[in-house]
Amino acid sequence: MFNDTPTPDALASAPALTRTAAQTLAEQLAARFADRIRDRLLAPGARLPSVRQCAAQHGVNPSTVVAAYDLLLAQGLVQAQRNRGYFVRDRAPLRESLSDRSKTAATETHTETTPPLAAPVNAAALIRGMFHPAGSRPQPGMGAFPPDWMASTFMQAAVRRVTTPQALADSSLRYGEPLGDGHLRRVLADRLQGMGLPVGPQQIITTVGATHALDIVSRTLLKPGDCVMVEEPGWAVEFARLAAMGMRILPVPRGPAGPDLAVMARYCEAHAPKLFVSVSVLHNPTGYSLSPASAHRVLQLAQQHDFCVVEDDTYGHIAPEHATRMSVLDGLQRTIYVSGFAKILAPNWRVGYLAAPAEWVERLLDTKLLTTLTTPSLLERALAHCIEQGQLRRHAERIRTRLDAARSRSARLALAAGCRFVSEPAGLFGWVDTGVDTEALSQRMLDEGILIAPGALFHAARAPSTLMRINFATTQDTAFWSVYRRLVAG
């Protein structure tokens, strides 16, 4: 049994954490907890301080505490419980403390192949970092626009419009429509038809963000052990989510024109994959967009080998007009289109959706009902109003204009700092080669209160990498690059 009573701060009297060449702040903090767990000063079942409490106690950034707790999780010393915190695991005496390992490592001669002691910034850690903003410091690892970029008045006006006393009472006392708000689905159908996607409102299911839509598709069409092709580099959350569901991930190299078709063909022959997950437009992290020829070939493979294509169009709002989308070329026969509005408009509204072949809708809807029942109709109606009145379109145009200027400035600063762009800068993200191990660099950056996205995060095997994804919106001034230069030089 776990003890819910928070432990007194056993580390309060310890010397202050200091930045050293041998250990990061996260490693030092994790080592202190590890020693006390080994010495039974923190008993099995004891709860560690919350991230914010621990950060305040030790004068460090919450991201540093997250990294320290991830180290303890990786060592099997603690266990995380949803909505409750971190608890000391009840296990046999430890063979070696984290501090012992760190002291030994500090005296060794490291080579390029020596794995770092620090736990990598994994997908969950990157997401947790989004909820622990480090004040005014730049956050290149973030996957979204800064809040001031998305600020507007029309969203509040739309919410007021749909929350009249009668509407509020009606929506609060009953569940919404299973497929999602009918008005929003009609508006979305019109929008998709304008892109050339032949879809009706009855083929659209609203979701709690685009990630939820991807989850619904996976839970409906796959079972544990199934093979799924995913572009690599790719979004770490997708790798982590599919792995947690027991799927076998088949990484497909992503190039400027699209996925490596030869690799896909070999996978199809050897493993009979059930699904291919693709970001056709402004791919994360490379910024690549799919060519029509590659799109046609992928669809031919899907028809020949009987797999489904899930097209994640999360960044479509900032994409060039007439960008190639497989779901449009396919006419929603073997494809499912997924998108949302968190990146461009309202992250906390969590409004996403999927559009699917008519014969798959009932199965997908059953999965939605089993996982979330329905979705918040008031926010969906407010969003429908924003789209109908053209406010979303004008907002997206302003964002694109601002992003173009930021991308130009960020690219110049990155090049001046010695980085090399692996892909042509496009969209929200830059994919750069730093020439150093970005996994280790990420830990040093956390000590400075800065979250970066190391290249290993975007590969299924988490191999060491010198690559890094930067957010153009948050790296257009010299603040981040000054810290970057200092740490890389040191």
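Which residue of S13 stands opposite glycine 430? The structure examined here is a predicted model, in which local features need pLDDT of at least 70 and side-chain atom pairs count only at pLDDT 80 or more, while totals for chains, interfaces and linings use all residues. Residues are numbered from 1 along each chain as its sequence is written, and side-chain values use heavy atoms, with hydrogens and water left out.

Glycine 430 stands opposite isoleucine 470 in S13, within the antiparallel pairing of strand S11 (residues 429-433) and strand S13 (residues 467-471), which extends over 5 bridges. Strands are DSSP runs of E of at least two residues and helices are runs of H or I of at least four residues, both numbered from the N terminus; two strands pair if DSSP finds at least two bridges between them. These strands belong to an open, antiparallel sheet of 4 strands in the order S10-S11-S13-S12. Strand S10 (420-421) and strand S12 (453-454) stand at its edges with a single partner strand each, so one side of each is left without a neighbour in the sheet.

Elsewhere, strand S7 (residues 308-312) is largely enclosed by the rest of the structure, because 5 of its 5 residues are buried (buried meaning under 20% relative accessible area with a 1.4 Å probe, protein chains only). Cys308, Val310 and Asp312 point one way from S7, whereas Val309 and Glu311 point the other way. Strand S7 pairs in the parallel sense with strand S6 (residues 275-278) over 4 bridges, and valine 277 stands opposite valine 310 in S7. Strand S7 also pairs in the parallel sense with strand S8 (residues 335-340) over 4 bridges, where valine 309 stands opposite threonine 335 in S8.

Terms used:
Buried means under 20% relative accessible area, exposed over 50%, partly exposed in between (1.4 Å probe, protein chains only).
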